[in-house]
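Here is my note on the model you asked about.

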Amino acid sequence: MDSMPVRPLLVAQRVPSADTGRPRGPTRSLPGMAARVSLTVQVADWHTAGEPFRIVTEGVPALLGATVLDKRSDAMQRLDDVRAFLCNEPRGHADMYGGFVTEPDDEDGDLGVVFWHKDGFSTACGHGTIALASWALSTGVVPSSSPVTELAVDVPSGRLRVTADIDDSGEVGQVRFVNVGSWVSAMDVEVGTTRGQVRCDISYGGAFYASVDVTSVGLDVGADDLPELIALTREIKHALVDHPALVHPDDDRLSGCYGVIWHRDVDHAGPELRQLNVTVFADGEVDRSPCGSGTSARLALLDAAGALPRGEVLLHDGIAGGTFTGRVLGEDPDRGVTTEVGGHAYPTGFATFVLDPRDPLGLGFQLR
């Protein structure tokens with residue numbers, strides 16, 4: 001790939017000059033290497049309920065476009081090599097996830113983000129939104145104050161209203177986002193697979209998902225059954241590729257089945273409805289978290305079935321042990337229902353990744 005200019009993202013210019021006393025990604029010099037590297041990218045790594053989110057803080061050019069959805073299209077054209085560079089081994093792995101921070105759509109927004117994974121660029125990402133907001137508030141990219149701070153985050157599927165709990169020391173606690181409208185697109189869709197006919201429900205929560213009761217195929221949400229769940233997801237997505245329920249009514253760039261949510265109920269002592277899920281998305285990528293946009297898609301289905309009264313909390317568990325809270329707030333003014341999803345994110349490290357033109361592995365590789 002051509003040498004890419006190294007400069008801070010536009011959003012980084014909003015960081016206050018005063019030291020906030022909170023962790024920031026270090027800017028590291030590369031003695032003896034600077035003259036030969038063809039790409040240098042700095043990142044802050046976070047996780048939300050076990051799912052990684054790699055935030056690019058320096059090293060890529062500003063994305064072009066009037067909206068974040070337009071910027072996603074620009075990233076697909078110009079920055080796919082950088083996405084691969086950060087996702088592929090040896091810098092990433094087959095389940096890597098991250099985002100390019102961008103300017104918001106307009107002056108009423110606080111920041112924007114274009115999401116990416118090992119296979120391309122997604123339209124929505126709840127765990128990424130939670131991690132991004134936690135990072136922005138922790139580092140001072142967006143100013144915070146206790147007890148709560150509100151911000152507007154623009155993602156490809158639309159604007160999300162985000163609320164973060166801030167304690168007296170300035171630490172970020174739970175982050176909640178009110179998603180774009182979520183709705184049920186189709187129920188009881190039968191799909192032929194190698195395990196027989198599988199019945200799924202299709203709903204939208206910033207992306208389209210097919211929901212399947214994991215017990216209906218004789219499997220469970222757990223590491224032992226993941227290989228079969230990944231294989232079945234690929235079969236289901238292939239069978240649904242032209243299904244009309246997966247066509248977005250406003251913008252075809254939001255169409256298509258992003259993933260399959262394998263779920264089941266969980267018995268517990270509390271009064272809340274509790275479910276366990278693992279979402280397999282893209283081409284066999286496994287979400288360790290309960291999947292944020294997928295939680296909104298599940299909430300739309302539970303609301304339609306009368307299984308979760310509006311305002312009451314769903315405890316949504318992920319395969320890595322983390323939990324999101326979710327609830328239906330009411331009717332969405334445009335379409336479907338308005339949902340709120342909450343979770344916690346934590347920093348895991350900071351890094352400067354480089355591409356040495358002598359490296360025969362180049363942008364890296366994938367083993368699955």
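**Notes on the interior**

1. Helices α3 (126-139) and α5 (292-304) each contribute at least two residues to the lining of the largest cavity. Helices here are DSSP runs of H or I with at least four residues, strands are runs of E with at least two, and both are numbered from the N terminus. A cavity is a set of points, on a 1 Å grid over the protein atoms alone, where a 1.4 Å probe fits but cannot get out; lining residues have an atom within 4 Å of a point.

2. Before going further, please bear in mind that this is a predicted model, where local features need pLDDT of at least 70 and side-chain atom pairs count only at pLDDT 80 or more, while totals for chains, interfaces and linings use all residues. Residues are numbered from 1 along each chain as its sequence is written, and side-chain values use heavy atoms, with hydrogens and water left out.

3. The largest cavity holds about 80 Å³ of space, a volume being the space filled by probe spheres set on grid points that are joined across faces, edges and corners. Of its 13 lining residues, Y97, C125, H127, D287 and C291 are the closest to the centre.

4. The second largest cavity holds about 40 Å³. Its lining includes F115, C125, F177 and S293.

5. Which residues of α2 are buried? They are V82, R83, A84, F85, L86 and C87, where buried means under 20% relative accessible area with a 1.4 Å probe, protein chains only. The cover over these residues includes β1 (39-48), β2 (51-58), β3 (97-102), β4 (111-117) and β17 (345-355).

6. Now to the aromatic rings: there are 9 aromatic pairs, counted for rings of Phe, Tyr and Trp (its six-membered ring) with centres within 6.5 Å; planes under 30 degrees apart are stacked, over 60 edge-to-face and the rest tilted. F53 and F115 make an edge-to-face pair, 6.1 Å centre to centre with 65 degrees between the planes. F53 sits in strand β2 and F115 in strand β4, 62 residues apart. F53 is buried at 1% relative accessibility, and F115 is buried at 0%.

7. Y258 and F281 form a tilted pair, because their ring centres are 5.3 Å apart and their planes are at 40 degrees. Y258 lies in strand β11 (residues 257-265) and F281 in strand β12 (residues 273-281), so the pair ties together parts 23 residues apart in sequence. One aromatic cluster is formed by F53, Y97, F115, Y209, Y258 and F281.

Methods: Buried means under 20% relative accessible area, exposed over 50%, partly exposed in between (1.4 Å probe, protein chains only). Contact means heavy atoms within 4.5 Å. On a 1 Å grid over the protein atoms alone, a cavity is a set of points where a 1.4 Å probe fits but cannot get out, and a pocket is an open set with protein on both sides within 12 Å along at least five of seven lines; lining residues have an atom within 4 Å of a point.
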